[in-house]
Amino acid sequence: MNIAVNTQLLLKDRMEGIAWFAWETLQRITAAHPEHRFYFIFDRPWHESFLTTDNVVPLRTRLPSRHPLLWYQRFHHAIPNLLQQHRIDLFYSPDGWNVPAPFPSVVALHDLNFWHTPENLPFATRYYYRTFFPQYASDARRLITVSEYSKQDIVDSFSLPAEKIDVVYNAPSAGFRPLSLTEKEQVQKEFAQGKPYFAFVGALNPRKNLLRLLEAFDQFCHTTSSDLMLIVAGEAMWSNTPFREAYKAMHHSSRVLFLNRRERGEIMRLIGGAEALLLPSTFEGFGIPIVEAMQCDVPVLTSNVTAMPEVAGDAALYVNPFSIGSIADGLRLLANDPLRRADLVSKGRVRRLRYSWDHAAFQVWESLEKAMY
């Protein structure tokens, strides 16, 4: 069987959550199924580290995937031409994209944030997603998504049958682990001026709710004697002007450190060294930092909406992401109640056992098989 995979997100040292879902599952699937040939389709020169098995063949479209006009040319013309040329039996896209019928396909659609809050996207991106992604989902033989919440959201929003959609949870990658006291002190010296800190990790998309988090942290600093810092590790998406303005308006801005994008090993240490991981998003299809923090024995503060309660269960402190006061109250509780932090860590050790990349890869392969036969 010849299986083509859209691997445009496999970029060395520049991968976010969906890319890690793709890579963690793909490397296991290709190793477990040497009887099949996998064509990885990149949109720029690939890194050799992604070619881990002999049954992986790298291909590249001449068009990069960097603009809606190029997206259309790539997925509606360039990739279909490659599928015909290499006699592909199945096309798999782990990041929502698809090719036109009649090519059989499986598509992983992680969430419908673009559908519910289109105002967070640039106009051309918003138009493309809302025009083509419902059709991509409809054309696929099977869909994969990362939570029961997202599955029901896809069913309701796109009027698709639930039996067409398989739920495959994300998981923490190898390397996320609890740090010793000495290691934590070293991380604090390296990144937080030697002080304890809260960690916020992820691209600075508006739905990550950083604007309210900054104001809530300002309230926290004003009302407690804690010297906790806030570390923000993530790259701005589109305009970062709102974040700059919110930061300038803070009374305690000196206690917020922006680290921009960091390589994977640093993110592992940043989360492992934190007093708590903060994910007060207004929308998540899963929320990978939640399980990464659990793997590090770090308590989690997250939102009580969308998929986050499903993922975190009883192992997180929940806040209303639309209430600055609720977020500030959560920060105070985490800072002042060591017993509550210890309880969250203990429950996280149990909860994290649900999430495994080995199991996720097995489930993705099951979905591919359903589409093949």
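A polar contact is a pair of N or O atoms within 3.5 Å; within protein, one atom must be able to donate a hydrogen and the other to accept it, and residues adjacent in sequence count only if both atoms are side-chain atoms. The model is predicted: local features need pLDDT of at least 70, side-chain atom pairs count only at pLDDT 80 or more, and totals for chains, interfaces and linings use all residues. Residues are numbered from 1 along each chain as its sequence is written, and side-chain values use heavy atoms, with hydrogens and water left out.

**Ser147 and helix H5**

- Ser147 sits in the loop between strand E6 (142-145) and helix H5 (148-158); helices (H or I, at least four residues) and strands (E, at least two) are DSSP runs, numbered from the N terminus.
- Ser147 has a relative accessible area of 0% and is buried, a term for under 20% relative accessible area, with exposed meaning over 50% and partly exposed in between (1.4 Å probe, protein chains only).
- The Ser147 side chain also reaches the backbone nitrogen of Ser150, at 3.0 Å.
- Leaving aside residues up to four places away in sequence, Ser147 touches Val167, Tyr169, Gly285, Ala307 and Glu310, where contact means heavy atoms within 4.5 Å.
- Ser150, Lys151, Asp153, Ile154, Val155 and Phe158 are the buried residues of H5, and they pack against helix H3 (113-116), helix H4 (123-139), E6 and strand E7 (165-167).
- After H5 comes Ser159, with a positive phi near 55 degrees.

**The parallel sheet**

- An open sheet of 6 strands has the order E10-E9-E8-E11-E12-E13, with parallel pairing; two strands pair if DSSP finds at least two bridges between them.
- Strand E10 (256-258) and strand E13 (317-319) stand at the edges with a single partner strand each, so one side of each is left without a neighbour in the sheet.
- Strand E9 (residues 229-233) is joined to E10 by 3 bridges, and Ile231 stands opposite Leu257 in E10.

**Helices H12 and H13**

- The axes of helix H12 (residues 324-336) and helix H13 (residues 338-351) come within 5 Å and cross at roughly 95 degrees; axes are lines fitted to C-alpha atoms, for helices over the stretch in contact, and angles run from 0 to 180 degrees between N-to-C directions.
- H12 is therefore roughly perpendicular to H13, the class for angles of 65 to 115 degrees.
- Leu333, Leu334, Ala335 and Asn336 in H12 meet Pro338, Arg340, Arg341 and Leu344 in H13.

Technical notes:
Angles under 35 degrees count as roughly parallel, over 145 as roughly antiparallel, 65 to 115 as roughly perpendicular and the rest as oblique.
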